[in-house]
Amino acid sequence: MLQILRDNWVLFLIGQYPAGPLGGLAATVLIAVLGLGLSFPCALLLGLGRISPFRSIRAVTAIIVHTVRGTPFLMVIFWSYFALPIIIGHPIAGFPTLVGALVIYESAYLAEIVRSGIEALPKGQIEAARSLGLNYRQAMMSVVLPQALYNSLPTMMSQFVSLIKETSLGYVISVNEFTFAAAQVNSRLLTKPVQVFSILALTYFLLCFALTQSARAVERHIARRRREDPAVIRPLESFVVEPAP
Amino acid sequence: MMGYSLDFTAVLAGEHLKWLLSGIQVTAELFAGAWALALLLAVVLIVLRNTGLRPAHWFVTTYVEVHQNVPLLVQVLFWYFAVPELLPAPAQIWLNEHNSEFILALLALSFCIAAYMSEALRSGLRAIPPTQYEASRALGFGYLSTMRYVILPQAARLSLPPLINYTLLLFKNTSIAMAIGVHELTYQSRQIENDTFRTFEVFAVATAIYLLSSFAIMALGALYERRAGLQAR
């Protein structure tokens with residue numbers, strides 16, 4: 001196993017870069033960070049739409065969220081990879097396809113986290129803000145959202161772990177990322193699948209487990225602050241969204 | 001999109017319809033088989049955890065963390081490429097003669113989802129006060145009948161909503177089996193696309209099938225939460 005790591009660590013880490021495209025673990029992390037960064041604003045809009053005072057906006061965003069949540073991520077990838085190029089008239093590379101599919105998919109999941117974060121805040125918060133003369137937008141932006149997002153930080157972090165795990169599906173459309181790099185090494189060595197896939201699984205585990213543990217640490221920290229500081233508003237219910245495989 | 005006219009007959013007739021139907025059948029088999037095995041494994045895990053033995057507890061905790069923090073695709077690839085290497089030769093031959101892709105994908109899916117399901121069961125069990133157990137034992141129930149008649153019925157009420165959620169995730173993730181060549185719905189729709197270039201039609205049909213099934217599972221969950229008087233989240 002160490003021999004394989006010694007021979008292939010560059011490929012595992014950065015792929016064929018700088019001779020070819022960036023790949024390996026670096027690409028996995030880059031795709032995940034881009035996916036999270038781009039889906040967060042979409043998720044905020046969708047999440048706010050889900051609790052909008054307008055019925056039509058609530059209906060449209062509910063349909064979007066439930067449709068995405070009912071579709072396998074692989075299907076979303078296929079739509080972006082095979083169907084989208086026909087609409088726009090030219091092919092898209094695997095890397096932006098995967099990031100785009102992640103943004104569509106994760107926006108729906110993050111939106112539900114935003115929504116349950118807002119709904120878990122006591123109604124008194126928005127009522128107090130409105131009676132102080134803030135309009136809906138101001139009350140949301142400066143009173144409700146900051147507290148709701150703070151409360152849902154641990155859940156968002158565990159959703160980021162799911163997002164990292166989902167980047168591995170780029171393998172199916174041959175995106176140069178970590179799983180793809182390992183599959184390349186495996187098909188070159190031919191006789192060492194146990195070692196190669198152990199390296200792959202172990203690396204993902206270390207990365208994701210570290211993040212899961214930090215999410216738990218943040219959760220404990222927030223719980224402690226709530227106990228000690230009366231200014232920190234307690235949510236009505238804990239809303240840990242179940243982690244996804 | 002200009003000049004592209006939709007034509008579903010290429011997908012929903014003849015040979016291609018047969019591919020599609022067999023894909024649906026394989027997806028259903030994979031889902032049902034993996035679901036039953038995962039639930040069984042989850043119960044085994046939770047019993048192991050509750051034995052009070054330190055190594056058993058440690059094993060279950062590690063099992064759950066490993067399966068939750070490694071991508072499902074990587075687990076499927078590990079089962080497909082690595083696990084057969086670790087088996088004795090007769091088992092390898094048996095696998096190759098018996099549709100090894102399907103069996104290994106089923107095992108990978110159920111071993112992974114079992115970790116999530118056991119956590120769902122655990123959160124349900126944790127909410128039952130230990131006095132329930134003590135009272136039941138004091139009334140003369142053995143360990144198994146205490147579990148069967150007192151603890152599990154109460155825990156199930158709390159565990160069911162997350163269990164239904166994982167059932168949905170399992171169903172959607174059966175599509176990952178296509179990566180190792182299981183001829184399920186996603187794989188077959190890819191094949192039909194390759195054969196007909198009817199990209200929109202075939203993906204629309206496949207997505208609609210996935211969506212309808214997912215909505216059925218979601219509706220089941222909502223129905224249960226309403227009937228059990230649990231607050232919908």
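Colleague: Is Asn99(B) buried, exposed or partly exposed?
Modeller: Partly exposed, because Asn99(B) has 14 other C-beta atoms within 10 Å, and a residue counts as buried at 20 or more and as exposed at 12 or fewer. Keep in mind that this is a predicted model.

Colleague: OK, and where is Asn99(B) found?
Modeller: In chain B, in the loop between helix H4 (89-97) and helix H5 (100-126). Asn99(B) isn't a glycine, yet its phi is positive, about 55 degrees.

Colleague: Switching to the chains: how many residues of chain A are in contact with chain B?
Modeller: 36 residues of chain A, and they meet 41 residues of chain B. On the chain A side, the elements giving two or more residues are helix H4 (73-88), helix H8 (153-167), helix H9 (178-189) and helix H10 (193-228).

Colleague: Which one gives the largest share?
Modeller: H10(A), with 10 residues. By type, that side of chain A divides into 26 nonpolar, eight polar and two charged residues.

Colleague: And the largest nonpolar core, which residues have the most contacts inside it?
Modeller: Ile77(A), Val76(B), Ile113(B), Met117(B) and Leu170(B), in a core of 115 residues.

Colleague: Pick Met117(B): what is it in contact with, beyond its neighbours within four places in sequence?
Modeller: Ala38(B), Leu39(B), Ala42(B), Leu163(B) and Tyr166(B).

How values were computed
Residues numbered from 1 in each chain as written. Chains lettered and ligands numbered in written order. Predicted model: local features only at pLDDT ≥ 70, side-chain atom pairs only at ≥ 80, totals over all residues. Contact = placed C-beta atoms within 7 Å. Helix = DSSP H or I, 4+ residues; strand = E, 2+ residues; numbered from the N terminus. Nonpolar A, V, L, I, M, F, W, Y, C, P; charged D, E, K, R; others polar. Core = buried A, V, L, I, M, F, W, Y, C linked by C-beta atoms within 7 Å.
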